[in-house]
Amino acid sequence: MTTPAEIPASPPGSPHRAEPASRYSRTAMILHWLIAVGIIGNVALALSVDLLPDDWIRPVIDTHKSIGITVLGLVLLRILWRAGHRPPPLPKAFPAWERASAHAAHLLLYVLMIGLPLSGWLHDSAWKDAATHPLVLFHLVPWPRFSSVMNLDPAFKEHLHDVFGAVHTWFGYVLYAVLALHIGGALKHELIDRESVLRRMLP
Ligand code: HEM
Ligand code: HEM
């Protein structure tokens, strides 16, 4: 992946000097906001499960799984897209520590965008009732589980179910912290520094 820091500087006054873009492209924006809505919606669904009547739990968890797998697909598209496109460089006025933390937060968000759905999918594949409850995304698209996990010895599978469940939960905790920094950073630039980065991600 290219990073803003790798953007080559053309000599000033060069006839071929191209100003770097100051905003994300339309594709990057659409993918960013679809994934953000999917992830935040999925956290809301998962955390509301304990408050819901019993007969809502299964459909809500099934919807959570469907959204999660869809997010995984969108994230793979986003990574492919990102590998071939430079993000706009951050404003030069930002101190080095702010640029470094923004890049670190973005990298961690990419890890979580993959890690959350993948750990959920593995957790679900190790579920003892998986064979009798096929995964069908949005009641429309039959979706596989990891057969290498489904076919394990039941006791070991139960252990893995707990382990993947704990990993899924802990990825969730890390996500809350990194998102607080990510959203807090965007709002700080917007409201305190008055140097909008939000505009770069909005049409
Ligand atoms: C956008 C991706 C996803 C996010 C952000 C997400 C987030 C969460 C969160 C925050 C919880 C609550 C954890 C807790 O408090 O213990 C949860 C639970 C759960 N997730 Fe996900 N998840 C995602 C994708 C998936 C996928 C793809 C699957 C399965 C195919 C899945 C299956 C589950 C299950 C079964 C639970 C209930 C765990 C339990 O209590 O046994 N998740 N998820
Ligand atoms: C789960 C939710 C979210 C995830 C996973 C996420 C992830 C990311 C990632 C990875 C980037 C870097 C893009 C790249 O260079 O490839 C980014 C950029 C950005 N995000 Fe989010 N984001 C989320 C939610 C939000 C929200 C709610 C806001 C609004 C406050 C926001 C505002 C921005 C802005 C303004 C940028 C551009 C930053 C810059 O100019 O470098 N994001 N986001």
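A residue is near a molecule if its C-beta atom, placed from the backbone, lies within 6 Å of it. I began with ligand 1 and found 21 residues around it, the closest being Ala-46, Lys-65, Gly-68, Gly-120 and Gly-172.

I noted that this is a predicted model, where local features need pLDDT of at least 70 and side-chain atom pairs count only at pLDDT 80 or more, while totals for chains, interfaces and linings use all residues. Residues are numbered from 1 along each chain as its sequence is written, and chains are lettered from A and ligands numbered from 1 in the order in which they are written.

Next I asked which elements give two or more residues to the shell around ligand 1. They are α1, α2, α3 (96–125) and α5 (154–192); helices here are DSSP runs of H or I, at least four residues, numbered from the N terminus.

Then I looked at how α1 (residues 26–48) meets α2 (residues 54–83): they pack at about 155 degrees, with axes 9 Å apart. Axes are lines fitted to C-alpha atoms over the stretch in contact, and angles run from 0 to 180 degrees between N-to-C directions. That makes α1 roughly antiparallel to α2 (angles over 145 degrees count as such).

Last, I checked the record. The unreviewed UniProt entry annotates "transmembrane region" at residues 30–52, 64–81, 102–122 and 170–191, and such annotations may be inferred rather than shown by experiment. In the model, residues 64–81 are 100% helix, with end C-alpha atoms 25 Å apart. Residues 170–191 are also 100% helix, and their end C-alpha atoms are 31 Å apart.

Conventions
Parallel < 35°, antiparallel > 145°, perpendicular 65-115°, else oblique.
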